[in-house]
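Biologist: I am new to this structure. Please take me through it and say what each label rests on.

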Amino acid sequence: MNANAPIRNTQAESDLIDRYDAAKSALAGSVAVSALRDSALGQIKDKGLPHRRVEEYKYSDLRAFMKSAAPLATAADSAAVKGVLEASETFGDLDRFKIVVANGSFVAELSDIDALAAEGVSVSNLADALSGDEGAQLLKSPKTGPNDGLVALNTAFVQGGVVVTVADGAEVSKPLELVQLATATGAQVVRNKITVGKSAKLRVLESFSGDTGYGEINTVFDYDVADNAHVAATRLITGKTESARLLTTIATLGAEAEFKSLGFIAGPQFVRNQQFINFTGENSEAKIYGVSMAGGRDLADQTLIVDHAVPHCNSREFFKTVLDGEARGVYQGRINVAPHAQKTDGEMMTQALLLSETAEMANKPELEIFADDVLCAHGATSGQIDEDLLFYLRARGIPEDEATTLLVLAFLSEAIEEYGEDDVTEGLEQRVRDWLAGH
Amino acid sequence: MLEIKNLHARIAEDETEILRGIDLTVNAGEVHAIMGPNGSGKSTLSYILAGKDDYEVTEGEILFNGENMLDMEPDERAAAGMFLAFQYPIEIPGVATMEFLKTAMNAQRKARGEDTLSIPDFMKRVKEAAAHLNVSMDMLKRPLNVGFSGGEKKRAEILQMSLLEPKLCVLDETDSGLDIDALRIVSDGVNKLRGPDRAMVVITHYQRLLDHIVPDVVHVLSKGKIVKTGDKDLALELEKNGYADIINAAA
Ligand SMILES: Nc1ncnc2c1ncn2[C@@H]1O[C@H](COP(=O)(O)OP(=O)(O)O)[C@@H](O)[C@H]1O
Ligand SMILES: [Mg+2]
């Protein structure tokens, strides 16, 4: 097959092309934004949805998974949004600010705009910004994978989202939850641009809730972390949903900055959680964690590229996966070290626990190092529950399922605890127990 | 309490026969010692009592308080009062010792239809038992057995035994790796549990432990069979003359 020839579009791709024509006039944006959207759609037309012959999607064939594409979700009724928001159990009663995006669009009246303003955080509507002079700039992400298909899909269809800007020096007192919810079925295509000013501190909770019926979620979180700023982002990807969850983080770090994230996956049928971490200033640190649980025939894919383009930065990647049934787990992690990025310290570990004989894990840690004075390591393990440990616990009277829960929790907690955002730890561990009890 | 009749067992994986017809009856209130050279099958017997499925019973039966023990899952046996102090207690990273103790105690109580322990009640019991066995709070804060020295692991086993209050205690070489002081602490802990309703099977290589935990009956196990049974003097005799005479006489 000639890789350059346009492909024959699948049903889902045809749906997307039709969807684009129908939605185009309603999609926000300046002339320049429109041009970006057109070209992104062109990429989908020519190359199709990401599929297994594309190296980065070898194990996660979205093209094969998506049988059709739902129309975009339409504007939500405010009372309905409120209902879903109140019913959502994302982070329990953790004290936090909320910003709400419903059916793909920012809902100002349900967001804590004033309280956030008082903390030095400004929040505005991405859809408005797309129509402004700087609109195109918002969609021109710095660095992702080469022509990443998910980001292209996002650019073509992005409905809305938020632009969050944290002032220099602001230390936001409570976590900020970016709540993405839906009151009806339909695709949600969202982009959030989060700029964290110099020496500022922000903790973000990213959640998805509401109508989990037909309609994929494609959300890009684009973080700009200025010099000496600190960001921790906890992403909760849960719920027994049948449609794809396609999530992208782009993080660009200045000097002396820290970016931490935890991607927590439990439940959906098809999850791709991808992160592109770019160091642009020296002495910065990225700590990227993943906790994935999948059962049935589900797929949990954690993919990341950490780009050490400058010297003296550290990155740590620690991913844990638990699989049952015929589920598939994917970890693809690449650390790039540019020729002059000396004194880079990169440490990557991925570990999987298989609860069934039929579950499969694809572990692919990679180092691409072009500098000579660096410290980089990677490791990957995949195995079953240790029978001797299980027997020890059972010999003390702990029934098999409870003993398994203890061991799985111990396994996953290593990553949750190293991530170290203590106020979410307990809630996440409870989610592990719930998943084990009911997946 | 425990009746083992003509027990034959092999390793499930490669069918190597390890136990070749063991008969052993232990009544409530009694302490039996099992001695024997390395590789004679002592640990295998203890694992089979606890329910490890690496072994396959090919003949014979085990009754525990009249019930067919081989039909019970390991956790059911524990709830019914079986406890094995392991020869090599394993480390369980990520499982906090206190969490483990609470889960185990409450799981057994639940299986027996009893109420779960309140946190203060649980704490009180742990603190008391830990004090007797010289187990520090620092040890209890660590993941189960992780980084414990050999002696600490053995003391932790006896701590678990004290808290779980089993009916049948099987101690597999609990004395190995203990210095004299630790041996006394552990033996005192074990002796405290001696009582008319409880039976003990103490597996050991050395007479030394039996000075502290004085047995009612001593058995010698060789090549998967009990070749001699006697009173506590048998242990002294073994200490003096070694196993060779007895084993050769039995062969
Ligand atoms: N799971 C096992 N796999 C292979 N060999 C075993 C296993 N368990 C016990 N054995 C073998 O069975 C024999 C008895 O072992 P064991 O019961 O540990 O003896 P003891 O405790 O009396 O020293 C030894 O030869 C030992 O190597
Ligand atoms: Mg042994």
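Modeller: The model is predicted. Its largest pocket has a volume of about 620 Å³.

Biologist: What makes a residue count as part of a lining?

Modeller: A lining residue has an atom within 4 Å of a grid point of the pocket. By that rule, β7 (201-210), β9 (230-238), β11 (258-266) and α11 (422-438) of chain A each supply at least two residues. The largest share comes from α11(A), with 4 residues.

Biologist: How do you know how the residues of the lining of the largest pocket divide into nonpolar, polar and charged?

Modeller: Each residue is sorted by its type, with Gly counted as polar and Lys and Arg as charged. The lining of the largest pocket then divides into 8 nonpolar, 15 polar and 7 charged residues.

Biologist: Why is the pair Glu258(A) and Lys287(A) called a salt bridge?

Modeller: The N to O distance between their side chains is 3.8 Å. The cut-off is 4 Å between a side-chain nitrogen of Lys or Arg and a carboxyl oxygen of Asp or Glu, so the pair qualifies.

Biologist: What parts of the chain does the pair link?

Modeller: Distant ones: Glu258(A) is in strand β11 of chain A and Lys287(A) in strand β13 (residues 285-294) of chain A, 29 residues apart. Over all chains, the structure holds 39 salt bridges.

Biologist: Why is the pair Arg394(A) and Glu73(B) called a salt bridge?

Modeller: The closest N and O atoms of Arg394(A) and Glu73(B) are 2.7 Å apart. That is within 4 Å, so this pair is a salt bridge too. Between chain B and chain A the count is 4 salt bridges.

Biologist: Which elements of chain B give two or more residues to the side that touches chain A?

Modeller: They are α1 (42-50), α2 (74-80), β6 (82-85), α3 (97-111) and α6 (150-164) of chain B. The most comes from α3(B), with 6 residues. That side of chain B divides into 19 nonpolar, 6 polar and 6 charged residues.

Biologist: How do you know how many residues of the two chains are in contact?

Modeller: Contact requires heavy atoms within 4.5 Å. On that basis, 31 residues of chain B are in contact with 16 residues of chain A.

Biologist: What is the area buried between chain B and chain A?

Modeller: The buried area is about 1900 Å², and carbon and sulfur atoms give 68% of it. Asp75(B), Phe86(B) and Ile90(B) supply 25% of the area that chain B buries against chain A, more than any other three residues.

Key
Residues are numbered from 1 along each chain as its sequence is written. Chains are lettered from A and ligands numbered from 1 in the order in which they are written. This is a predicted model: local features need pLDDT of at least 70, side-chain atom pairs count only at pLDDT 80 or more; totals for chains, interfaces and linings use all residues. Side-chain values use heavy atoms; hydrogens and water are left out. Buried area is the accessible area (1.4 Å probe) that two parts lose on being put together, summed over both. On a 1 Å grid over the protein atoms alone, a cavity is a set of points where a 1.4 Å probe fits but cannot get out, and a pocket is an open set with protein on both sides within 12 Å along at least five of seven lines; lining residues have an atom within 4 Å of a point. Grid points are joined across faces, edges and corners, and a volume is the space filled by probe spheres set on the points.
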